[in-house]
Amino acid sequence: MTERGGDEAPADVLVAIAGGVATITLNRPAALNALTIPMKERLLAAIQGVACDRAVRAIVLTGSGRAFCAGQDLKERLAPDAPSLDEELILRYNPIVRALRAAPQPVIAAVNGVAAGAGASLAFACDLRIAADGATFVLAFGRIGLVPDSGATWTLPRLVGGARAAEIALLGDAVGAAEALRIGLVSRVVPADALAGEAASMAARLAALAPGATALTKQALAFDRDLDAALDAEADAQAAAGAHPDHAEGLAAFLEKRPPRFSGG
Ligand code: LHQ
């Protein structure tokens, strides 16, 4: 396993790479992994770093301790020289969301506990969400006189539909794991002590797939497309995937009843 951290990066964002899977862990548990400016910069660097690592074929984003991420560190906002809100979004949050969406690898949010504010938005921006049974999602913005950000106004209605998104975003009530599963906000809920294993096993399955086709599927599933654009994009993606040797290898493996050996690239 490759560990990045220690001398190379402060420990509030950990990156571990093993078996084609990069696990990025928000690691500021005493503050429920609330995001400071340097932590956001390290998170962006971590995502960008693993996104361009050809050995990485799936990414897991999770938190240490009892929270996934409590969003913006609100104490930092009280500093007299705190950047303006829009500057903070444009310079630091939006690039993180874009990096999650632009990464060719699928990103699994392993939501181990509370995901609040921009912490919930980060989970919404991932390709897959699995949750511990005690996890909650809180669009806590209204409580501090802010509006949902970091993509949540765009991702949440597309994940759960407009009616539920309006309740979650406007009322700000915590959505528990069981409710999140019921409304399609997450695809799996497991006992807390099984979450890391579940995420690792899902990531390992993703990592064994043809990476080019997986990247194309991720792009094609981007839910900002209208149907016509999606149909065109599916055709383009299929042409690109089909032209890659991994497609021929996958077909051959199926016909020969053996596991595929994807070359990637
Ligand atoms: C925290 C935080 C936190 C600092 C817990 N900051 N310390 C973007 C643009 C720019 C700026 C503005 O924001 C944004 C986007 C956003 O993310 S805005 C939304 C920010 N997040 C929130 O409003 C959530 C605030 N936190 C909470 O509501 C609660 O802490 C939750 C519901 C997450 C958890 O509640 P509890 O389980 O009861 O835990 P707690 O409240 O006791 O927190 C434990 C510790 O973590 C505590 O520290 P302490 O030293 O007292 O033990 C909290 O102060 C600290 N903490 N969230 N966001």
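Predicted model: local features only at pLDDT ≥ 70, side-chain atom pairs only at ≥ 80, totals over all residues.
**View 1. Surroundings of the ligand.** The ligand is surrounded by 25 residues. The closest are R66, A70, Q72, L74 and A118. A118 also belongs to helix α3, which spans residues 118–125.

**View 2. Packing of helix α2 with helix α3.** Helix α2 covers residues 85–102, and its axis comes within 9 Å of the axis of α3. The two axes cross at roughly 20 degrees; angles under 35 degrees count as roughly parallel, and α2 and α3 are therefore roughly parallel to each other. Their crossing is right-handed. On the α2 side the contact involves Y93, I96, V97, L100 and R101, and on the α3 side A118, L122 and A125. Of these contact residues, seven are nonpolar, one is charged and none is polar.

**View 3. Packing of helix α3 with helix α4.** Helix α4 consists of residues 152–160. The axes of α3 and α4 are 9 Å apart and meet at an angle of about 55 degrees, so the two helices are oblique to each other. The crossing of α3 with α4 is left-handed. S121, F124 and A125 of α3 touch A152, T155, L156 and L159 of α4. This contact between α3 and α4 has five nonpolar residues, two polar ones and no charged ones.

Note on methods. Residues numbered from 1 in each chain as written. Heavy atoms only, no water. Axes fitted to C-alpha atoms, helices over the stretch in contact; angles between N-to-C directions. Helix = DSSP H or I, 4+ residues; strand = E, 2+ residues; numbered from the N terminus. Parallel < 35°, antiparallel > 145°, perpendicular 65-115°, else oblique. Left-handed = near helix turned anticlockwise from the far one by under 90°. Contact = heavy atoms within 4.5 Å. Nonpolar A, V, L, I, M, F, W, Y, C, P; charged D, E, K, R; others polar. Near = heavy atom within 4 Å.
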